[in-house]
Amino acid sequence: MLYKCIYHTSIMDLLLQLQKYTGDTTTSNISLHFPSNGQLSMYVQHLNAELGTASNIKSRTNRQSVERSLRTIMAHLKSLKKMPENGLAIFAGENIGSWF
């Protein structure tokens, strides 16, 4: 699981970097965007519901990849004390190479 915080990179630069990465033949890359006025606990509950939905994915490899990505995002959200003032964008997945 690749996880890295990027503080001094503009969103456009980050998106251009992310365009280069693709997963294997399964959908294992997740991008989520949270507005600054939302509650972290509400987002964690929503992701928990998505985790339950992910259990219905037929492909074992794809299902496990999505579940790991969702758990990583949930752990990151739980580690935050409050929502950043500009909102939050999270990109999680597997096999997407190195960042830079």
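Me: Where does Gln39 lie, and why is Gln39 called exposed?

Reply: Gln39 lies in the loop between β1 and α2, where helices (H or I, at least four residues) and strands (E, at least two) are DSSP runs numbered from the N terminus. Buried means under 20% relative accessible area, exposed over 50%, and partly exposed in between, with a 1.4 Å probe and protein chains only. The relative accessible area of Gln39 is 53%, so Gln39 is exposed. The C-alpha atoms of Gln39 and Met83, 44 residues apart along the chain, are 7.3 Å from each other.

Me: On what basis may such values be used?

Reply: This is a predicted model, in which local features need pLDDT of at least 70, side-chain atom pairs count only at pLDDT 80 or more, and totals for chains, interfaces and linings use all residues. Residues are numbered from 1 along each chain as its sequence is written, and side-chain values use heavy atoms, with hydrogens and water left out.

Me: What makes Leu77 a buried residue?

Reply: Leu77 is found in helix α3. Its relative accessible area is 1%, and therefore Leu77 is buried. Contact means heavy atoms within 4.5 Å; not counting residues up to four places away in sequence, Leu77 touches Phe34, Leu40, Tyr43, Val44, Leu47, Leu88 and Ile90. The C-alpha atoms of Leu77 and Val44 are separated by 6.9 Å, although the two are 33 residues apart along the chain.

Me: What is meant by a nonpolar core, and which residues have the most contacts inside the largest one?

Reply: The term denotes a set of buried Ala, Val, Leu, Ile, Met, Phe, Trp, Tyr and Cys residues joined through side-chain atoms within 4.5 Å. The largest such core has 17 residues, and Phe34, Leu70, Ile73 and Leu77 have the most contacts inside it. Two or more residues come from each of β1 (30–34), α2 (40–54), α3 (60–79) and β2 (88–92). The largest share, six residues, is that of α2. Beyond neighbours within four places in sequence, Phe34 is in contact with Tyr43, Leu77, Met83, Gly87, Leu88 and Ile90.

Me: How do you know that β1 and β2 pair?

Reply: Two strands pair if DSSP finds at least two bridges between them. β1 and β2 have five bridges, in the antiparallel sense, and His33 stands opposite Ala89 in β2.

Me: How does the span of α3 compare with the expected one?

Reply: The expected span of a helix is 1.5 Å times one less than its number of residues. With 20 residues, α3 reaches 29 Å from its first C-alpha to its last, close to the expected 28 Å. Among the buried residues of α3 are Val66, Leu70, Ile73 and Leu77; their cover includes β1, α2 and β2.

Me: Where is confidence lowest and where highest among the elements?

Reply: pLDDT is the predictor's confidence in each residue, from 0 to 100. Its mean over the protein chain is 77, and 75% of the residues reach 70 or more. The mean is lowest in helix α1 (residues 11–19), at 72, and highest in α2, at 92. Over residues 96–100, pLDDT stays under 50. Where pLDDT is low, the predicted coordinates should not be read in detail.
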